[in-house]
Structures are given as structure tokens and as C-alpha cells.
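Please keep the sequence and the three-dimensional view at hand while reading.

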There are 2 protein chains.
Amino acid sequence: MENPTPHRITRSILLFLIMVLPAAAPAADPSAEQPAAATRTHEFMLDNGMKLIVKEDHRAPVVVSQVWYKVGSSYEHGGITGISHVLEHMMFKGTKKHGPGEFSRIIAENGGRENAFTGRDYTAYFQSLEKGRLPVAFELESDRMRNLQLQQAEFAKEVKVVMEERRMRTEDNASALTYEQFNAVAFLSSPYRIPIIGWMGDLQGLTLDELHAWYRKWYAPNNATLVVAGDVDPGEVRALAERYFGPLEPDTVTPPKPRPEIEQRGVRRITVKAPAEVPYLIMGYKVPVLATAARDWEPYALEVLAGILDGGDSARLARELVRGSQIAASASAGYSLYDRQESLLMLDGAPANDHDVAALEQALRAQVAQLRDAPVTVPELERVKAQVLADRIYQEDSVFYQAMQIGQLETLGLGWERMEEYLPRIQAVTAAQVQEVAKRYLNEDRLTIAVLDPQPMDAKVRAGAAALGGGHVR
Amino acid sequence: MENPTPHRITRSILLFLIMVLPAAAPAADPSAEQPAAATRTHEFMLDNGMKLIVKEDHRAPVVVSQVWYKVGSSYEHGGITGISHVLEHMMFKGTKKHGPGEFSRIIAENGGRENAFTGRDYTAYFQSLEKGRLPVAFELESDRMRNLQLQQAEFAKEVKVVMEERRMRTEDNASALTYEQFNAVAFLSSPYRIPIIGWMGDLQGLTLDELHAWYRKWYAPNNATLVVAGDVDPGEVRALAERYFGPLEPDTVTPPKPRPEIEQRGVRRITVKAPAEVPYLIMGYKVPVLATAARDWEPYALEVLAGILDGGDSARLARELVRGSQIAASASAGYSLYDRQESLLMLDGAPANDHDVAALEQALRAQVAQLRDAPVTVPELERVKAQVLADRIYQEDSVFYQAMQIGQLETLGLGWERMEEYLPRIQAVTAAQVQEVAKRYLNEDRLTIAVLDPQPMDAKVRAGAAALGGGHVR
């Protein structure tokens with residue numbers, strides 16, 4: 001089953017890692033002297049308001065450079081949805097100094113890899129290079145931060161590329177289409193309802209002027225965070241950053257309005273009929289995140305709760321629904337505590353062949369009821385925490401992931417230091433807290449449900465649906 | 001049962017008429033020489049792009065002056081929802097020449113009445129006066145079209161007034177709250193999802209700068225239509241308009257983007273739990289309107305279809321559901337063919353005491369199925385058409401309504417001449433056409449359902465809920 005939930009950061013990251021990492025950030029050598037956890041993080045502020053964070057990691061002679069802008073689909077609004085993602089594409093279409101496509105060519109010539117990523121709350125640009133090549137990345141990134149040349153001909157071409165991407169990944173992908181509509185019904189006033197790739201009607205109406213304005217509004221050094229991780233010296237990186245990014249003029253940047261979600265007051269349920277082979281179910285409960293939680297242990301309790309349901313083969317959904325009752329062909333749960341606004345704890349799955357979606361929904365609801373009705377036992381809680389922490393520690397073995405997380409936390413306004421509280425906070429979660437968040441948040445009045453009702457497919461659609469879904473990696 | 005559907009123009013108009021008309025536009029004297037239908041409409045274009053339409057009606061010595069701006073909630077987007085309505089309020093807060101509140105005082109001193117109205121597709125300002133006082137209205141309206149003084153102190157006060165209006169009419173009004181959420185779920189990408197009064201979070205974040213920008217963007221003579229109806233001479237009105245409005249500078253006005261609604265692919269259903277005495281049900285089917293219909297007879301067939309369900313005591317809902325089976329305490333159907341974008345055919349109602357909402361829904365669905373399954377008989381069709389036409393003709397007896405309709409059709413871009421095709425087009429609708437639109441549009445895949453699930457009320461809420469709901473009349 002494809003994963004149609006591009007907003008869930010952990011999965012987006014994994015998708016990205018799969019695409020970018022193999023060559024750029026080799027797996028940690030267990031014999032290396034210095035474990036990742038012991039490396040230090042250094043923070044600098046340039047005079048123009050651009051923040052630089054350097055994470056040393058000397059296990060391999062590589063460096064990762066990431067520029068994070070505080071802008072993404074949740075900064076958009078009806079009429080220009082998808083503009084952040086289109087602009088991300090256009091960032092490869094040249095400046096006065098470097099023509100269209102040169103950015104990628106130069107990085108490749110230097111043996112590097114690069115990509116970009118648009119999320120709900122950020123747009124980020126990455127390069128992985130041999131450590132001596134960092135100036136190459138800085139020269140190119142600083143150039144396009146203020147000197148992008150947006151040209152009508154390139155724009156006209158590129159917006160068609162994006163529309164085609166939307167067609168393949170959303171229109172012709174039944175589970176992604178279901179997710180998109182689910183998401184727009186779950187959030188009614190919050191900008192999290194906006195699809196990252198944008199509504200087709202808005203893509204069709206997008207203009208170069210709007211793109212210009214979006215670029216000017218958000219692409220300034222004082223709205224960016226530069227994250228560098230790898231085998232580097234912090235002082236040298238700082239000097240290099242000052243040389244390349246320091247001369248860039250800051251600009252007035254007005255942070256986005258809060259646009260809070262209205263109070264949900266009862267279950268919402270939609271059906272989406274689309275060509276597909278199997279039915280598919282999404283359930284989402286409105287829950288707080290670190291940035292919004294009144295009680296700051298709650299997001300960690302929700303993280304553990306998601307781990308109880310879905311965190312390896314011994315987690316409840318796999319054990320009880322896929323293997324045990326065999327109601328589900330697949331079932332998963334997801335939650336991210338790192339979001340700018342109120343978000344969702346999600347459950348999704350496909351029923352096994354001889355069951356229908358209603359049976360799967362009932363089984364998922366029973367799982368939720370169990371979390372509300374009984375505290376998790378200490379042995380299970382400890383096992384789950386160990387799994388959650390292992391996932392995190394395993395991820396932190398990757399230089400790339402560390403940089404990702406620093407960039408994300410900075411861009412969300414939480415501060416990268418929050419990274420370090422993750423382990424102790426998870427460890428401190430109690431069974432009573434897990435039950436309390438289940439009771440408080442996993443109830444009918446906060447629930448949105450979407451059901452994909454499969455329609456006959458023709459061969460063409462079948463081929464399209466097999467293509468990659470997920471986040472909007474360029 | 002209150003009517004929580006402020007977007008339905010016919011009802012909004014009626015609400016307005018109730019509030020404004022009694023003194024300003026007396027009912028037609030049946031002995032008057034000249035029936036309304038025989039009066040003439042004159043169209044002029046001022047040099048600055050402002051359109052003037054004059055409708056003569058000499059039955060009474062009064063004149064109605066209306067200024068219609070092409071802007072309303074469907075021009076807005078997340079973050080500034082409600083801004084058109086707030087601006088409408090601010091239009092009474094003074095110019096350089098006339099201080100806050102003077103507008104209303106001067107009109108009142110001249111024995112006139114005035115009001116304003118914000119809809120999804122327009123913002124309009126009306127005065128009814130003794131026919132000799134038309135210059136008073138023109139002087140004031142032309143002044144505030146370009147010279148509004150938006151002051152922080154007045155704005156801070158007025159936005160609180162609007163929030164209080166929202167609290168009373170929406171937050172504390174269960175059926176309006178249900179409608180608001182229904183509407184935001186029925187429309188996912190179309191701006192028709194935006195509540196006219198705005199989301200509370202957006203009202204809280206609205207700034208004077210945004211209001212300034214909104215005023216500059218839309219309040220220009222070339223984005224306005226002046227409609228004058230009553231006992232006037234068209235040439236004199238034109239001269240007067242040229243004198244007062246002619247000197248106003250035109251501005252660049254970019255029409256709003258289409259922002260079409262995505263294709264609905266299955267039923268959507270929400271529950272809204274709110275303090276209320278009785279349950280309430282809303283059902284809406286996506287249907288075309290005059291501005292969007294591929295086949296232009298369809299909106300007229302839908303108009304007749306709505307009339308079959310709800311058009312006086314002999315219409316089906318009243319006859320079969322309220323009086324016959326007595327399942328419904330109330331039940332109504334509504335449709336407006338005059339909208340800028342795809343809209344809804346709506347059904348709503350409250351179950352009778354000994355029935356539940358599910359029974360009412362079933363009964364309404366049975367009514368819809370009947371329209372799909374069997375053509376209406378010729379006698380019923382003729383009776384309904386007569387009723388629909390009688391409603392229209394009765395409304396056209398009112399000078400005010402005529403001006404309203406001209407302004408609306410102009411503002412929607414349809415042109416006032418479309419008014420005149422209404423009667424022959426309705427008369428031409430066949431039973432087969434009614435059945436065809438029922439089959440084509442009134443099906444599950446286009447349906448959104450909202451159920452108000454009543455929660456216990458306290459005395460305070462009870463008092464609030466009894467207050468007037470409906471359109472956003474100032």
C-alpha cells in the first residue's frame with residue numbers, strides 16, 4: 001500500500017533519505033571512534049539575520065549543506081496553492097550568473113548530490129558533497145537566494161511539469177486523492193488543509209508575477225536557516241558562510257498569521273470513489289503538537305501512543321489486525337510532534353481480501369477504545385519506548401537526518417535544542433499519560449474518516465497508480 | 001426553524017426587504033397605470049468605467065440608489081476571511097469630508113433609509129429616498145468610494161462589533177454553526193467555502209493595513225455598478241451620476257481567479273454537536289448555475305425542481321413530509337441560479353418530535369429519488385411553474401427588488417438583461433428536463449450532509465439562539 005500522507009515528516013524524511021542518501025551519507029561505521037550522539041552543535045547568527053547551525057560529525061569525509069526557508073504550503077491560501085512548491089522547482093531555473101539547469105550540473109560535476117523539498121511549513125534545498133566542496137554549494141545557494149531570474153518561458157514549462165506531477169501522484173493515485181480530500185475536510189480553517197502540490201485550478205491560474213512576489217516575500221537571509229553537518233570545522237564554516245551569505249541584504253519578513261483550526265464538534269466522514277484495486281481507509285483525530293500543546297508532555301505521550309499501535313512487528317496493529325484477526329492487509333498509525341499548528345494522529349489501512357472497510361474501521365476503533373479503556377502494561381510500554389528511541393537513535397546515525405531535524409525544528413520556531421529533550425521526554429512518559437491523551441483526544445468529536453471506494457481501473461490508470469506517491473521531492 | 005443559509009440570494013433578499021422596505025418602497029398599488037413589467041431599463045457607461053443602470057418605475061415618488069462592488073467573501077482567502085464584510089462596516093466610519101456615522105445621520109435627516117449588504121460575490125450599499133433627494137445619496141456614496149478614512153480607533157471598535165455579531169449569529173446559533181461547517185465541507189477548493197462573516201481566528205488577526213489594501217483593490221468606479229430605480233428621469237440620473245461619480249479616478253482592477261471546486265467523488269457527512277433544542281439536517285447537492293452551466297436550460301430546470309419540493313403549501317415537502325407523514329416539523333429546499341461558481345441545491349429541515357434525523361434524511365432522500373425516478377406530471381409542473389413565476393412577478397412589484405436583481409446580475413457578470421429571460425425560460429422547462437437534472441445532479445456522489453446533534457443548552461445560550469440569523473446585514 002502506498003503512503004499517501006506527505007505531511008507526516010518522518011515518512012517524508014525517509015522518502016528523501018532513500019532518494020538521496022546512499023551515496024552521500026554512508027551508514028555509520030560501528031568501529032568509528034566518535035558516536036554521533038557525542039558530536040557538538042554550534043549556532044551562529046550572521047549580521048543580516050541568517051542563522052547558521054553547524055553539526056560536527058567526523059565519521060566520514062562528507063558534508064551536507066541545507067538551506068531552509070520559512071515558507072511552505074501552510075503559508076499559502078486559496079488561489080495560489082502550490083506556489084511554494086512551484087517556486088522550489090523554479091529555483092533550479094537560473095540566476096544572472098548561472099543559467100537554467102546549471103545549479104544541478106555544477107553540483108553533479110563536483111560529485112555531489114542535491115535536491116529540494118517543500119513541506120507544509122518549510123521549503124528546503126540540500127546538497128551532499130565531499131567535505132572540501134562546501135564553497136561550491138554556498139556559492140550557488142547564496143546566489144539564488146536573492147538573484148533568481150524568473151523567466152516566463154521557463155515558468156510556463158515548469159508549471160506544466162508540476163501539473164503532470166500532480167496528475168501522476170494525485171489525480172491518478174486513488175489513495176493520494178483520498179488523502180487530499182480527507183485532509184481538506186479534517187482541516188476547515190487551518191492552512192494545513194492546503195495540498196502541498198496545490199489544487200489543479202490554482203496551478204492553472206498561477207502567474208509569474210505571483211511567483212516573483214512569493215520569492216521576494218520569503219526568500220531573504222533573515223527568513224532562512226543554513227544547516228551544515230559533517231566533517232567540518234565550525235569556525236571555517238562560519239567564515240565561509242559570512243563570505244557567501246553575509247553580503248546578502250536582509251528584507252522585511254512578516255510572519256504568517258496563525259489561522260487556527262476551528263473546534264471540531266463531531267465526526268466527519270467522506271467517501272472518495274476512484275479507480276483502484278483495493279479499498280483504503282484513513283482516520284485522523286485532532287491532536288496537539290509541541291508548538292501548540294498546553295501541557296508539553298502530551299505530544300511525547302502521543303508519540304508513544306503511535307508507537308504502541310505502529311512500531312514494528314510487535315506493535316498492536318501488525319500483531320492484532322494484520323497477523324491476529326487478519327482483518328487488515330495493512331494498517332499503520334502515524335503522528336509527528338513537530339508541526340507549526342494543531343495536527344492529526346492518523347490511522348490508515350487496507351482491509352484483507354475477505355473483509356470490508358467497515359470491518360477494518362471497527363477493528364481500528366476497537367484499538368483506539370482499548371487505549372482509552374486500559375493503561376498499557378509496563379512491559380509493553382517499555383518495549384515500545386525502546387523501539388521509539390531506537391528508531392530515533394538509528395535515524396540520528398545519519399548526518400543527513402540530523403541536519404534535517406535541526407533545520408525542521410528551527411524553521412518551525414521550536415529551536416534545534418528541542419531535539420535533545422526527545423530521549424528523556426519519551427523515557428518519562430507514563431502509562432497513565434498515554435491513557436490520558438487517548439481519552440482526551442481520540443474521541444468521536446475529533447475524528448475525520450475517509451473511505452476510498454474502488455472503481456474499475458483501465459490499464460492506463462493501473463500503470464499510473466503504480467508510480468511513486470508521497471512527498472513532493474523534486 | 002431559523003434559516004442558516006445566508007448564501008441563498010433569494011432568502012437574503014427577503015431578509016433585507018423585511019428590514020428595509022416597509023417605509024421605503026410601499027407595495028404596488030394595483031390601480032396604478034403602469035405595471036412594473038412595462039417599465040424600461042436604461043444603461044449608461046461613465047468615462048471612468050462605472051456602469052449606471054436606471055430602472056424607471058413611476059408608481060410612487062421614491063427612488064432607490066444602490067452601489068454594487070464586485071467583491072465579497074468569495075474574493076477572499078484564508079487569513080483574511082470576513083474582510084469584505086468588515087470593510088462594509090467601515091464604510092460608515094467616515095471620510096475627510098464626513099465624519100464617522102455622518103453618512104447614516106444625513107440619510108436619516110433626509111427621511112431616507114439606508115443599509116449595506118455583503119454576499120459571497122458582492123458588497124452593496126443602498127439608500128431609499130424621496131425622489132428629489134437622490135443627490136444626497138450620490139454625494140455621500142461617491143465621496144466614500146475613494147475617500148474613506150480608515151482609522152485605527154474606529155477599526156478596533158468595529159472589528160469587535162463584527163466578532164460579537166459572529167458570536168451571536170454563528171457561535172451561539174447551532175443551526176448557523178452547522179451550516180457554516182457544512183458549507184466548508186461541501187466546498188473544498190472553491191472560495192464559496194468561506195463564511196461571509198469570516199473565521200473568528202481571521203477576524204482576530206485582521207489589520208488596518210489589510211483593510212486599506214482591500215479597499216484600494218476593489219473600491220473603484222470601474223469595479224462598481226450604480227443602480228437607480230424609481231420615479232426618476234434616466235437622463236437626469238445620468239447627468240447627476242456624471243456630476244458626482246464622473247470625477248472619480250478609475251483604477252487597475254484584476255478580476256478574481258476562478259478557483260474552481262474540485263470534483264466531488266462521493267458522499268460527505270458531518271456531525272456538529274452544539275447546544276440546541278432540536279436536531280437539524282442539511283443536505284446539499286453540487287449543481288450548476290447560470291454562469292457555469294454547459295446547457296443553459298439546466299439552471300431553469302433546477303429552479304423548477306426546487307419549486308416542486310418547496311414552493312408554498314402544495315409543494316411536495318410541505319404536503320408529504322410536514323403534513324402527510326408528519327416526519328418533518330419543517331422542511332425546505334433552495335436553489336439560486338445566480339451565482340458566480342458551481343453551487344448547491346439544498347434541502348434542510350427539522351424532524352417532528354417523535355422522529356429522528358435519520359428518518360427525516362430518509363424521507364428527503366425518498367423525495368429526491370422520486371424526482372429521479374418519475375417525471376413530474378403535467379398538471380403539477382404547470383402548477384409549480386405558475387407558483388415560481390408568481391413569486392418572481394410578485395417580487396418584481398417591488399422597486400427595491402428590481403434594483404437588487406439588476407445589481408446582482410451585473411455584479412456576477414451575467415448582465416441585467418438575463419432578468420428578462422427568466423419568465424420564458426421557466427415556462428419552457430419540461431418534465432423530462434426536470435427529471436434529467438435530478439438524475440444527473442441529485443446523486444450520492446455530489447451530496448454533502450450535515451447533522452446538528454443537539455446538546456443541552458443553558459439559559460444564556462437559549463437567549464442568544466433566539467436572535468436573528470441569516471445574511472450579514474449591517
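B:Gln326 lies in the loop that connects α11 (316–324) with β9 (328–334) in chain B. The model is a predicted one, and in it the phi of B:Gln326 is near 55 degrees, a positive value in a residue other than glycine. With 14 other C-beta atoms within 10 Å, B:Gln326 is partly exposed, since a residue needs 20 or more such atoms to be buried and 12 or fewer to be exposed.

**Residues with positive phi in chain A**

- A:Arg259 also has a positive phi without being glycine, in its case near 40 degrees.
- The loop that holds A:Arg259 runs between α9 (234–244) and β7 of chain A.
- A:Arg259 counts as buried because it has 23 C-beta neighbours inside 10 Å.

- Helix α14 covers residues 399–411 of chain A, which makes 13 residues.
- From the first C-alpha to the last, α14(A) reaches 18 Å, close to the 18 Å expected at 1.5 Å a residue.
- The rest of the structure largely encloses α14(A), because 13 of its 13 residues are buried.
- Strand β9 of chain A, residues 328–334, is mostly covered, with five of its seven residues buried.
- β9(A) pairs with strand β10 (residues 343–351) of chain A in the antiparallel sense, over six bridges.
- Within this pairing, A:Gly334 has A:Met346 in β10(A) as its bridge partner.

**Overall make-up and nonpolar core**

- Chain A contains 17 helices and twelve strands.
- Of the 474 residues in chain A, 53% are buried.
- Among contacts in chain A with a separation of 6 or more, 83% are between residues 24 or more positions apart.
- The largest nonpolar core has 274 residues, and A:Leu305 and B:Leu305 touch the most other members of it.
- Apart from neighbours within four places in sequence, A:Leu305 is in contact with A:Leu371, A:Val434, A:Val437 and A:Ala438.

**Relation between the two chains**

**Interface**

- Contacts link 30 residues of chain B with 30 residues of chain A.
- On the side of chain B that touches chain A, the elements giving two or more residues are α6 (174–186), α7 (200–205) and β7 (268–275) of chain B.
- The most is given by β7(B), with seven residues.
- By class, this side of chain B has twelve nonpolar, nine polar and nine charged residues.
- Strand β7 of chain A, residues 268–275, pairs with β7(B) in the antiparallel sense over three bridges.
- Opposite A:Arg269 stands B:Arg269 in β7(B).

Key:
Residues are numbered from 1 along each chain as its sequence is written. Chains are lettered from A and ligands numbered from 1 in the order in which they are written. This is a predicted model: local features need pLDDT of at least 70, side-chain atom pairs count only at pLDDT 80 or more; totals for chains, interfaces and linings use all residues. Two residues are in contact if their C-beta atoms, placed from the backbone, lie within 7 Å. Helices (H or I, at least four residues) and strands (E, at least two) are DSSP runs, numbered from the N terminus. Ala, Val, Leu, Ile, Met, Phe, Trp, Tyr, Cys and Pro count as nonpolar, Asp, Glu, Lys and Arg as charged, and the others, Gly among them, as polar. Two strands pair if DSSP finds at least two bridges between them. A nonpolar core is a set of buried Ala, Val, Leu, Ile, Met, Phe, Trp, Tyr and Cys residues joined through C-beta atoms within 7 Å. The expected span of a helix is 1.5 Å times one less than its number of residues.
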